[in-house]
Amino acid sequence: MQNARTITSSVKGDGGIRAAQSARPFVHVLADTSDKLSGICAALEQQFAVAGERLDAEAKLTQVPFAIVVRAELRDVDNIVAIKRRSARLAKATKRIFLVEHSSHVCISQAYALGATLVLPGPLNKIKLLAALADPADPASDSRGSSPQPDNAVETAATAIASMFTAVTLGQPLDVDGTKAAGRQIADRITEHGLSEWLTTVRRHHEGTYQHCLLVTGVAIGFGLSLGVRRTDLERLYSAAMFHDIGKAQIPLAILDKPGRLDAKERAMIETHPAAGYDFLKDHEKISPEILDAVRHHHEYLDGSGYPDALASESINDIVRILTISDIFAALIEHRPYKPTMPRNEAYNILCGMTGKLEKALVASFKEVALSR
């Protein structure tokens, strides 16, 4: 098996791929080495019908899988080309999970650009992988019976965020129009299907910084819709939400995704991200002053205790106030592997307890969004 370029639960070798005849869900595995391929297949074969192939082999699979799992070095151009050759097949799978051993913004961004619905960084973790393949997802969600919708808006938005992070990391041009268009898709989807469905879908497919950006954008849109803001203000709001954490592209993932409390040095580094995002965006002619202001000041509080500029009271505009509430709420209800998802009512109670820091009237208006939408 170690030298085989294709593997299935019923056929091993370089011949044609034949999926095992089984009622179990069918998962297809792609990897750049035989060791990686056999390791993933062994982890999955007790619960799934598994077929796999090396990326340097000819693509032979004809059956559409429920999920595709990819484990490859995404800093290797040949691997990227090989995955792109299989893009049509990737697009048909409900779940596209990339296992990225080199945990960098560039590799994770590349995975989403190649069509990932979920990226799991670090060494192969069987428990995490099986949980990601479980269906339906997120038992902690409270979608109120809404059925899952097609994930085009999620994938488009995740790809836009990945593109932003890549642009910052590699000094490439920023696709402002594409990012705003992705925000518009989220707004249309939430208008049609509601916020709860969006939160459920995002938590099913994404973790870490990307999950947070997608959640914040959805919550901000839901909040803006509930307030009845004008369409132009809603566009500013979802654009600000999409861009608000772009400065985190300069912070190591080991700090961003660290389980548990940050030390003082790590906290200081995290607090550089609003100003870093502002500095990266300020010379882009398609980024309005209102969006720049929100990116720089979404961690400011009315009592002057926020960062980076310790603004207070009237110095903080309405879009920033809405975005700050949305950002805090989204952070509280995120799904993280190392802690349970906080119920939405508990998260709202925390907002209510931030007396003097958040606008009381806005927090009161946010209640319906937090609990009912």
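In the protein chain, 67% of the contacts between residues at least 6 apart in sequence join residues at least 24 apart. The model is a predicted one. Its protein chain contains 17 helices and six strands. Of the 373 residues of this chain, 53% count as buried. The chain exposes about 16100 Å², and carbon and sulfur atoms supply 51% of that area.

One of the helices, α14, spans residues 289–297. Helix α14 is mostly covered, with seven of its nine residues buried. These buried residues are Ile291, Leu292, Asp293, Ala294, Val295, Arg296 and His297. The elements against which they pack are α7 (176–193), α10 (231–243), α13 (273–281) and α15.

Helix α15 covers residues 318–333, and its axis lies 9 Å from that of α14, at an angle of about 40°. On the α14 side, the residues in contact are Glu290, Asp293, Ala294 and His297, and they meet Ile319, Val320, Leu323 and Thr324 of α15. By class, this contact comprises four nonpolar, two polar and two charged residues. Asp293, Ala294 and His297, which take part in the contact with α15, are also among the buried residues of α14.

Although Ala310 is not a glycine, its phi is positive, at about 50°. With a relative accessibility of 43%, Ala310 counts as partly exposed, because this class lies between the 20% limit for buried and the 50% limit for exposed. Ser313 is a further residue of the loop between α14 and α15. Ser313 also has a positive phi of about 50° without being a glycine. The relative accessible area of Ser313 is 36%, so this residue is partly exposed.

From α16, the contact involves Arg344, Asn345, Tyr348, Leu351 and Cys352. Their partners in α17 are Val363, Ala364, Phe366, Lys367, Val369, Ala370 and Leu371. By class, the contact of α16 with α17 has nine nonpolar, one polar and two charged residues.

Elsewhere in the chain, Ala82 belongs to helix α2, which runs over residues 77–85. Ala82 counts as buried because its relative accessibility is 3%, and the limit for that class is under 20%. Ala82 and Asp56 are 26 residues apart along the chain, and their C-alpha atoms are separated by 7.0 Å.

Technical notes. Residues numbered from 1 in each chain as written. Predicted model: local features only at pLDDT ≥ 70, side-chain atom pairs only at ≥ 80, totals over all residues. Heavy atoms only, no water. Helix = DSSP H or I, 4+ residues; strand = E, 2+ residues; numbered from the N terminus. Buried < 20%, exposed > 50% of the residue type's maximum accessible area, 1.4 Å probe, protein only. Contact = heavy atoms within 4.5 Å. Areas by Shrake-Rupley, 256 points an atom, 1.4 Å probe, with all protein chains shown as cover. Axes fitted to C-alpha atoms, helices over the stretch in contact; angles between N-to-C directions. Nonpolar A, V, L, I, M, F, W, Y, C, P; charged D, E, K, R; others polar.
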